[in-house]
Amino acid sequence: MKHKSHFALLFMLPVALASCGQVKGYADHLQDYAVDMDYRDGFTILQLSDIHWSYNTSTPASKRYLEKVIAETDKHVKATGGQIDLVELTGDQFMLANAYHVESFLNFFEEQATKYGFKYAAIWGNHDRHGLYNPNWIADKFRQAAHCFYIEEDDDLYGRSNFVINLKQGNDVKWQIANLDSGASFSETALSPFRDYDYIRKDQTQWWLAEHNLVGDKVPAIAYYHIPQQDNEILWKAVQNGAPNKNKFFKLEGFADNGTERGVSDFIPTAKQHNLKAAFMGHAHNIDWTVEDDDGLVLGLGVKTGPELYYAHILTDDPDPAVKKGLESTGINENFDLIGASLVTFRHQDEDNDGFEDGAFDLEHLYLNERASGDFVKWVNW
Amino acid sequence: MKDLFNKENFLFPGFDKKQRLQSLIVFGLLAILFIFSAFTFVNMLFAFTDAAGSIVSGSIDVALKGLYRSVPLFLSFFMTFWSLLLVHAFFRNVSEKKRMRSLKKNSIAVIAFAGICILFVLIGLITGEYSSIVEGSPSPLFPLDAVLYSIVFLALGLLVLIRGRKFLEKHPYVVPSRGPIVTRARFVYCFFVAIWSLFAVYSFATFFFGLFIIDFIHGYLAFSIALLLVYLLNACFLMAWEFYYNEVKAEKKKDVLLPLAIVGLVISVAIAIFYFVALGLNLDGPSNVGFGVLPIAFAASANIATILTIATPIIVSVTALIKGAVMRKRK
């Protein structure tokens, strides 16, 4: 009998440990998830994705590359009288990294933010959890960085970096930027040999709707997260089957989304009913394919930033139809590597004169390759 | 079960003062080198996993570039692990001649790894692979720290190679040998022990780093504790084998092995159950509590590393159980 009770304890103990502690509800403190930023016509967001600093990274070389991307973008936006307002780091800043990488990375971005006058927002990617540091420590580092927007609340909302940036002109919110943590991976069961990629959960969708509701349903929104949801694949298949949706850039591998019935996210289908105009992500390095759905929502992967982990070499004589299609859509006719950055510029447009922005924006992809003979720099409009 | 704690079964209580001192020195050096092996192994594992990720994603050029830069990390592990083998030779060699040969062989290996590491960094500086001697990543002083580490092992290797023989002639090692390793299927035996040792090194480092990097909050407490116990158990198994079972007198092993195997099996099965129940409650636990401790598993989106780590002590226990039962039957 005594032995039986010991055996039962093995099952009870994890249950008891898992259920200890009172967790507060996200709905009770929605205002804690929002930060404000000044808005102006021509507000710019530079998306840097999948930088992947790791044990094998030469950080001086990577910094040099990132500096070139930021300097090139600064020059590009200044030509039209603008500046880089916000940098969105859309996940996988690190993979197999340690505290030294994180501190060097933040020091670098703080220097750049001071030099160019931008703020930056950090979102978790699946690989950011994959380092020799405590996830809470890295969250604190982002919180403490002077120019960094990062909010992580200890409550019942799934994920870490879920927060919104409200772009304000006076007291009016002109745009809302939604940052979501699309997680990492999970097992189907305790005995599953493999893990599935995570997805944006229902409570995250409900949370964003509540945040958006606070500023009003008429305010246009744009979302940034790391792992593509099923919507990209659905649109890709539709386009392959002849759907006339506007689409552009390269798709040279799978989206690496969850791909299962269980992992179907309701975020995009729900959010676009509430004025979500676009969603941009990272994760799959060989893709920067962007598409507009039937309701006018623009969905796309940002250009992978920097040459870490893996990236595509685009060759003009490649017989792969996907490469040919990408080259055709971008008008590039020389070999290059699919690395760089993406830029969104909000354009003032209020056709119905209701005082709210219509949600117009420009999208450009920057391909920047370092070359001994002179760097390859190409901006391509959406 | 009382055989497990019977002092008469062990070699150490029968040692004289000199034997005890020598034995403790060897144990101490082994423990230090095991810890250094564990830390350098984690560096190597991270560099390797990153490169493997590039290879499976089709960017072999990125993998090679990364691996080339991280060669000092690999060499640092090898020079440490070979030093561990060098010290371990004191346990296993029956004859003085064999011990001397082993010392010479292993010290030359340590010198070679350390020398190549120093040369590699120098060449890297000349060719521009490293922009400076303190380029940084993965540590603020990399690759200078790898060079300094190599210099220490180079000096120790040279010391053993040049002065080791004379020193041992003057101060003979008088601790009785644990006896030669098995002669039948020796290669297979050595292979599995080496794999198990690597698992133990990984598990020890994982447990140690896990204390600092696992997120014990955010509702994953049960899973975090289970994960730590899995790795602690695996490291403890090797230590029990090395510092306990191998210290049992040859003629008493048959009395000790069966109860030891039963205790090991009960603990490892209990921890495995605890782990799977905790994982069942937090299916996203591994990726959200600090996946840094499971680099290969995460890179491959597989739970294979943990499953192997859980299975290892069970396999070892079952093997010991069978062996112990056979030994008893022969008795």
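Predicted model: local features only at pLDDT ≥ 70, side-chain atom pairs only at ≥ 80, totals over all residues.
A residue is counted as buried if 20 or more other C-beta atoms lie within 10 Å of its own. By that criterion, strand β12 of chain A, residues 276-281, is mostly covered, with 6 of its 6 residues buried.

**Overall form of chain A**

- The secondary structure of chain A consists of 8 helices and 19 strands.
- Chain A has a radius of gyration of 21 Å, which agrees with the value near 21 Å that a compact globule of 382 residues would have.
- Along the principal axes, the C-alpha atoms of chain A occupy a box of roughly 80 × 50 × 45 Å.
- Of the 382 residues in chain A, 50% are buried.
- Among contacts in chain A with a separation of 6 or more, 75% are between residues 24 or more positions apart.

**Strand β12 of chain A and its partners**

- Strand β10 of chain A (residues 221-224) runs parallel to β12(A), and 4 bridges join the two.
- Within this part of the chain, A:A223 has A:A279 in β12(A) as its bridge partner.
- Strand β14 of chain A (residues 298-301) also runs parallel to β12(A), to which it is joined by 4 bridges.
- In β14(A), A:L301 stands opposite A:M281.
- The strand that takes part in these pairings, β12(A), has 6 buried residues out of 6.

**Contact between chains A and B**

- The contact involves 47 residues of chain A and 57 residues of chain B.
- On the side of chain A that touches chain B, at least two residues each come from α1 (2-18), α2 (59-78), α3 (99-116), α4 (135-144) and β8 (185-187).
- Helix α1(A) gives the most to this side of chain A, namely 7 residues.
- By class, the residues on the side of chain A that touches chain B comprise 27 nonpolar, 17 polar and 3 charged.

**Domains of chain B**

- The domain assignment divides chain B into domain 1 (1-181) and domain 2 (183-331).
- A distance of 23 Å separates the C-alpha centres of domain 1 and domain 2 of chain B.
- Domain 1 of chain B supplies 20 residues to the contact between the two, and domain 2 of chain B supplies 20 residues.
- The side of domain 1 of chain B that touches domain 2 of chain B contains 13 nonpolar, 5 polar and 2 charged residues.

Terms used:
Residues numbered from 1 in each chain as written. Chains lettered and ligands numbered in written order. Buried ≥ 20, exposed ≤ 12 C-beta atoms within 10 Å, placed from the backbone. Pairing = 2+ DSSP bridges. Contact = placed C-beta atoms within 7 Å. Nonpolar A, V, L, I, M, F, W, Y, C, P; charged D, E, K, R; others polar. Domains from an automatic or database assignment. Rg over C-alpha atoms; globule rule 2.2 N^0.38 Å.
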